Amino acid sequence: MIHRHTSETLEFPKVIACIHGKCITPYGHSEVDRFAPMFDRDEIVTRQSEIAQMKDIINFGLAFPLYRVEDAREILSKVRVEGTFLDPREIRVVLELVEVSISLHGYDRDGRENFPNIAEHLRNLRAFPELKKEINRAIDIDGTIKDSASSSLKHIRMDLASSKQKILARLGKILSAQQKQAGWQDDVITQRNDRYVIPIVANQYRSNQGILHDRSQSGATFYIEPNETVELNNRVNLLMQEEKAEIIRILKALSAEIAQREDALAENTRLIGWLDALHAAGDFSNCINANRVTIEGRAHFDITEARHPLLILQSDDAEKVIPLSLRLDENRQAILITGPNTGGKTIALKTIGLMVLMAQSGLLIPAKETSTVGVFQQVFADIGDEQSIELSLSTFSSHIKNISEAVTNVSDETLALLDEIGAGTDPKEGSALAESIILHMVERGARMVASTHYSQLKTLALDHPEIENASLEFDRQTLAPTYRLQMGIPGSSYAVEIAGRLGIPRSICKHASELLGSGERSLGELIASLETELLQVREDKVKLTDRLIKVEELERYYKAETEKFKTEIEQSRDEALGDTDHLLDNTRKEIERLVAEIRRSQADKKSVKEIHHLLKVTEERVNKLRGKQRGRKTTPSEPTRLEVGDPVRIISLNKEGEVESLIGTDKARVRVGAVNTVVEKRNLEKLARGPRDISKQHSVATPDTGEMSPEIHLRGMTTDEATDALDLFLDRAVVAGLGQVYVIHGKGTGALRKNLTSFLKQHREVDSLRLGNWNEGGAGVTIVKLKK
């Protein structure tokens with residue numbers, strides 16, 4: 001289980017709040033609140049898949065039809081009660097729910113194979129177009145009941161309008177005939193008590209004139225209903241009551257229709273909420289550059305280049321946040337992080353814990369997609385100073401209270417994150433207690449990351465191979481932390497140096513260094529030396545890794561190309577042999593026919609000429625076929641004398657290029673299209689003329705298959721080389737009439753894919769693009785749809 005204290009310490013609720021803020025519907029808010037770490041791998045993987053597919057929809061799919069609506073759940077609960085009916089505004093809220101359900105239910109039916117998990121939710125939504133039609137027919141957008149709601153209502157309103165017109169006309173005549181006084185201005189028909197009345201001067205009123213309904217505030221004007229309009233007013237009032245009754249009947253009928261579908265509509269609110277929650281999680285993943293990582297059942301993790309998501313949001317640029325890479329498994333159970341204050345130890349612990357909680361919640365995490373996270377049944381975190389005046393807890397007491405629960409419940413499926421373990425008390429006692437706690441948890445198989453300043457703990461790794469030291473890098477030149485985690489060596493606290501940077505007088509810092517003793521100083525100098533060497537090793541490793549990746553990609557490509565050419569050669573050879581057999585068979589039949597003709601005609605001159613002509617034509621065709629075979633079967637010869645710039649043909653690949661440089665006595669670097677390759681000289685044939693316009697040949701990026709290939713291979717190229725090749729390829733694809741092409745760029749670091757995606761989005765011929773499915777090459781392939 002994950003305690004609430006641990007969740008809050010690792011700032012998991014803040015991540016959920018960020019996702020919560022990206023929800024569009026009230027239903028989505030409720031579903032996001034349910035996001036929490038899970039402990040079943042299959043459930044985690046399923047949610048991961050849903051969020052990853054929704055992220056692809058956001059990035060590459062059609063606009064997802066979610067929009068802001070009012071919450072209809074209480075209204076649906078109300079309609080369950082027998083005898084109640086909804087008012088027009090409430091019915092319009094239900095209509096919003098129905099419209100969203102219809103839009104989602106019909107979303108992108110042709111492309112649903114690209115997001116099967118999301119498609120299942122869309123299929124489960126119930127669309128009620130007939131209910132939408134009934135509500136729109138009866139209720140206007142402002143909540144008024146339309147005349148079209150029922151034929152009875154339409155007739156009632158027509159009668160009501162006619163009756164009102166009659167009464168107004170009659171009252172107008174009475175007003176016109178009425179004797180006016182000087183200055184009289186109240187000659188207006190009005191209503192009192194829902195009945196039409198006219199104003200008269202108070203001193204002119206007679207009881208037989210009609211019914212008195214009201215008087216003005218001054219008392220100078222009476223409002224009466226003339227006797228001759230009483231029946232007309234009665235008729236109007238009766239029709240108004242009939243109108244009201246008909247409206248109530250219509251509302252009850254609509255409420256009954258909604259009640260019949262209440263269960264399905266309630267389920268729709270849940271499904272819409274879940275889709276909204278997934279949409280919010282996918283949107284959040286884009287904001288923090290999150291990826292889907294591998295989830296495994298055993299309790300371990302191997303996280304590469306992880307970044308704290310809240311720091312990414314704060315900086316608005318993931319590249320500004322220093323990444324963290326860390327691995328814990330059976331061979332490396334615990335890591336002790338040392339280093340200066342403000343060096344990033346606490347952030348490192350929070351990043352590790354948050355990555356695990358997010359991954360177990362099925363969320364995508366801001367780390368490389370090659371990362372692996374296992375399932376931990378328990379996660380404990382004791383990070384920061386949690387002293388409490390109200391609970392009478394000191395810093396040391398608050399730490400021990402939290403750690404005691406972890407120690408009591410520790411198992412081989414536990415992850416413990418302990419910040420400044422043993423701090424807040426006597427250093428000797430604190431370091432001894434910290435060492436005992438660490439060894440206790442390691443013996444029970446727990447995975448642990450702890451930070452400390454105690455020198456005694458830095459030596460634990462020497463006697464316990466399952467424990468490894470790590471440190472946060474510190475630049476001694478600028479006296480500032482770099483926030484980079486270094487595995488394998490302990491770090492120094494640099495307290496004296498930092499104190500000097502923060503204003504402590506130099507004399508005090510010098511005296512403090514002297515008080516440290518020669519042993520401590522020597523250890524600090526050794527650590528500083530190791531850090532310098534490690535920095536150089538890291539730089540060399542990065543360069544070598546990049547070169548190795550390029551070499552491996554080229555090796556794989558050339559192997560594939562070689563196999564492809566071998567297959568093509570065999571196919572061509574088989575075709576040629578078939579043509580030869582066919583030719584010989586036809587020739588044999590023709591010769592037999594001519595021999596028979598000669599016997600029949602006694603070998604006249606015409607027949608002899610025909611035989612000679614047939615033999616000559618046959619000889620030419622056979623020689624032609626032999627020439628093809630001779631060209632295909634050319635074998636490498638002895639090394640050729642070559643110079644830089646010579647046009648050559650690679651015999652084994654049948655590709656032409658140009659010599660870039662000579663390597664030793666038996667090899668040369670040859671440029672073929674946009675790619676350089678090293679070839680043995682005996683596999684090269686020097687051309688007497690310049691190579692055939694190499695820029696127009698099919699380079700290794702776009703193999704020539706006789707017809708326009710829908711694939712282009714860009715792995716191993718720089719961004720500039722790849723965009724130039726891709727631009728030319730797209731122009732050829734348009735001319736060839738292709739509707740869709742496949743850009744194969746490989747996964748690698750993702751930089752080439754990102755740059756090519758930006759280039760394709762701005763290309764004049766591109767209609768849309770998306771990443772390949774798992775059976776199309778996944779993230780290593782971008783599928784581009786061209787404009788018609």
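## Overall picture

Of the contacts in the protein chain between residues at least 6 apart in sequence, 67% join residues at least 24 apart; a contact means heavy atoms within 4.5 Å. The model is predicted, and local features need pLDDT of at least 70, side-chain atom pairs count only at pLDDT 80 or more, and totals for chains, interfaces and linings use all residues. Residues are numbered from 1 along each chain as its sequence is written, and side-chain values use heavy atoms, with hydrogens and water left out.

The protein chain has 22 helices and 23 strands. Helices (H or I, at least four residues) and strands (E, at least two) are DSSP runs, numbered from the N terminus. Of its 788 residues, 43% count as buried. Buried means under 20% relative accessible area, exposed over 50%, and partly exposed in between, with a 1.4 Å probe and protein chains only.

## Helix 2 and the cysteines

Ile16 lies in helix 2, residues 12-20. Ile16 counts as buried because its relative accessible area is 10%. Not counting residues up to four places away in sequence, Ile16 touches Val32 and Phe35. Phe35 is 19 residues from Ile16 along the chain, and their C-alpha atoms are separated by 7.4 Å.

A disulfide is a pair of cysteine sulfur atoms within 2.5 Å. By this rule the count is zero disulfides. Cys18 is in no disulfide, and the nearest cysteine sulfur, that of Cys287, is 9.0 Å away. Cys18 has 26% relative accessibility, so Cys18 counts as partly exposed. Cys23, with a relative accessible area of 2%, is buried.

Helix 4 covers residues 41-60, and its 20 residues should span 28 Å at 1.5 Å a residue. The expected span is 1.5 Å times one less than the number of residues. The end C-alpha atoms of helix 4 are 28 Å apart, which agrees. Among the buried residues of helix 4 are Ile44, Arg47, Glu50, Met54 and Ile57. The buried residues of helix 4 pack against helix 7 (116-124), helix 11 (262-287), strand 5 (294-296) and helix 13 (345-360).

His121 is placed in helix 7. At 14% relative accessibility, His121 counts as buried. Leaving aside neighbours within four places in sequence, His121 is in contact with Glu50, Leu271, Trp274, Leu275 and Leu278.

## Helices 6 and 8

The axes of helix 6 (residues 88-105) and helix 8 (residues 129-138) come within 10 Å and cross at roughly 145°. Axes are lines fitted to C-alpha atoms, for helices over the stretch in contact, and angles run from 0 to 180 degrees between N-to-C directions. The crossing is left-handed, a term used if the near helix is turned anticlockwise from the far one by less than a right angle.

From helix 6, Ile91, Arg92, Leu95, Val98, Glu99 and Ile102 meet Pro129, Leu131, Lys132, Ile135 and Asn136 of helix 8. The residues of this contact divide into seven nonpolar, one polar and three charged. Ala, Val, Leu, Ile, Met, Phe, Trp, Tyr, Cys and Pro count as nonpolar, Asp, Glu, Lys and Arg as charged, and the others, Gly among them, as polar.

## Helix 9

Helix 9, residues 151-177, has 27 residues that should span 39 Å at 1.5 Å a residue; its end C-alpha atoms are 40 Å apart, which agrees. Its buried residues include Leu153, Arg157, Ser163, Ile167 and Leu175. The buried residues of helix 9 pack against strand 2 (195-201), strand 4 (221-226) and helix 10 (230-260).
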